[in-house]
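Colleague: I would like to go through this model with you, one question at a time. Please define each term when you first use it.

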Amino acid sequence: LALAALMIAPCAARAADAPDCRLMRYAAIPFTTIADGRIAIPVGVDGHAASFLVDTGGVYVSMTPELAKETGRTPKEVDRWLVGVGGSLMTTAVHVDEFTIDKLKGKGIPVYVDTRLGVGVDGTVDPDMMAKFDVDFDFAHGLMNLFSQDHCPGKVVYWAKDFVVLPMEVRINSGHIRVPVTLEGKKVMATLDTGSMDSVMSLKLAKSLGITEDSPDLKLRRSSGSENQFRTYSYPFKALDMDGIAVTNPHIMVMSDAMLPRMGDDIILGMGILRQLHLYVAYKEEKLYSTPAQ
């Protein structure tokens, strides 16, 4: 017995010193798919049930004027204006006493008012709120999970043995997520945007891939403006690769630079592509863990 005690004691000490690598899940939130293919989750705004679009490409939480009125809030002008969904300009905000997601509660939340959110949602959940957690998008099972960021680095993939890990840049001013991907054999940066159904890129970026307006496979789909400067094209891209996870024949629209003046050289990956993946966004660790959705 004494020998056994001596053998067990060091093991117990080592176990006590070992870090706890278990994931702590704060919420498992079923999401709905709205008419255009994007996802929305149920939230509570001062006791009122609402459906908010999940928008990793946004900045701050927003709501419709109708929900502001329903909750008895009067929008007030703000100093910092924001561009919202579909290019809308948000110049007013309200102050919410209590904002809930599942069992999580936030107090004293400033919320912008967006007049162009569209049918099917009452507001948006954006990076200013999501970046306080690790966010797990399980599209195969219709769940958005919120996990604690207090875990061992790299110990987050609970659903599969094989996965890829991408370095992730989180933009300081916006919280937008950028990761390196390979398109048509060239490394480019991609911004993950669950607030966009479509994936898009600028004509400038397309030209760096060897695709010009004279390329026979680049097809003009729409044009507008006094000089037809606003143009949308389609192109038969063959593969988008994320360090070993390949999305074949990805649908990525090419838009004229006049339509995307602040686009830069990023591809915007929208829900058409993202829902083919399982994504674990480790904001604090600045890593994106991914597998195919199935």
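Colleague: Asp134 is buried yet has no salt bridge, so to speak for itself: which side chain of opposite charge is nearest?

Modeller: This is a predicted model, in which local features need pLDDT of at least 70 and side-chain atom pairs count only at pLDDT 80 or more, while totals for chains, interfaces and linings use all residues. Residues are numbered from 1 along each chain as its sequence is written, and side-chain values use heavy atoms, with hydrogens and water left out. Asp134 is buried (under 20% relative accessible area, with exposed meaning over 50% and partly exposed in between, for a 1.4 Å probe and protein chains only), and it has no salt bridge (a side-chain nitrogen of Lys or Arg within 4 Å of a carboxyl oxygen of Asp or Glu).

Modeller: Helices (H or I, at least four residues) and strands (E, at least two) are DSSP runs, numbered from the N terminus. By that rule Asp134 sits in strand β10, residues 134–138. A polar contact is a pair of N or O atoms within 3.5 Å; within protein, one must be able to donate a hydrogen and the other to accept it, and residues adjacent in sequence count only if both atoms are side-chain atoms. The side chain of Asp134 has such a contact with that of Tyr280 at 2.9 Å, and the one of 2.6 Å is with His151.

Colleague: Where in the chain is Arg25, and with which side chain does Arg25 make a polar contact of 3.2 Å?

Modeller: Arg25 belongs to strand β1, residues 25–30, and is partly exposed at 48% relative accessible area. Contact means heavy atoms within 4.5 Å. Leaving aside neighbours within four places in sequence, Arg25 is in contact with Leu146, Phe147 and Asn145. The polar contact of 3.2 Å joins the side chain of Arg25 to that of Asn145.

Colleague: Which residues near that stretch does Asp134 touch?

Modeller: Residues up to four places away in sequence are not counted here. Among the residues that Asp134 touches are Gln149, His151 and Tyr280. Also included are Asn145, Leu146 and Phe147.

Colleague: How many salt bridges does the structure hold, and which residue pairs with Asp46?

Modeller: The structure holds 8 salt bridges. In one of them the closest N and O atoms are 2.7 Å apart, and Asp46 is a partner. Asp46 lies in the loop between β3 (39–45) and β4 (48–54), and the partner lies in the loop between α2 (65–70) and β6 (76–83), so the pair ties together parts that are 27 residues apart in sequence. That partner is Arg73.

Colleague: Which other residue forms a salt bridge with Arg73?

Modeller: Arg73 is partly exposed, at 24% relative accessibility. The closest N and O atoms of this salt bridge are 2.9 Å apart. The pair links distant parts of the chain, 24 residues apart, with the partner in strand β7, residues 89–101. The partner, partly exposed at 44%, is Asp97.

Colleague: With which residue does Glu213 form a salt bridge?

Modeller: The closest N and O atoms of this pair are 3.0 Å apart. Glu213 is in the loop between α4 (203–208) and β17 (219–224), and its partner, 18 residues apart from it, is in strand β18, residues 230–234. Glu213 is partly exposed, with a relative accessible area of 39%. The partner is Arg231.

Colleague: What is the phi of Asn249, and what is that of Glu286?

Modeller: Most residues other than glycine have a negative phi. Asn249, in the loop between β20 (245–248) and β21 (252–255), is exposed at 59% relative accessible area. Glu286, in the loop between β23 (277–282) and β24 (287–292), is partly exposed at 38%. Neither is a glycine, yet phi is positive: about 50° for Asn249 and about 60° for Glu286.

Colleague: How many helices and strands are there in the protein chain, and what share of its residues count as buried?

Modeller: The protein chain has 5 helices and 24 strands. Along its principal axes the C-alpha trace spans about 90 × 55 × 30 Å. Of the 294 residues, the share that count as buried is 48%.

Technical notes. Lys, Arg positive; Asp, Glu negative; His and termini not counted.
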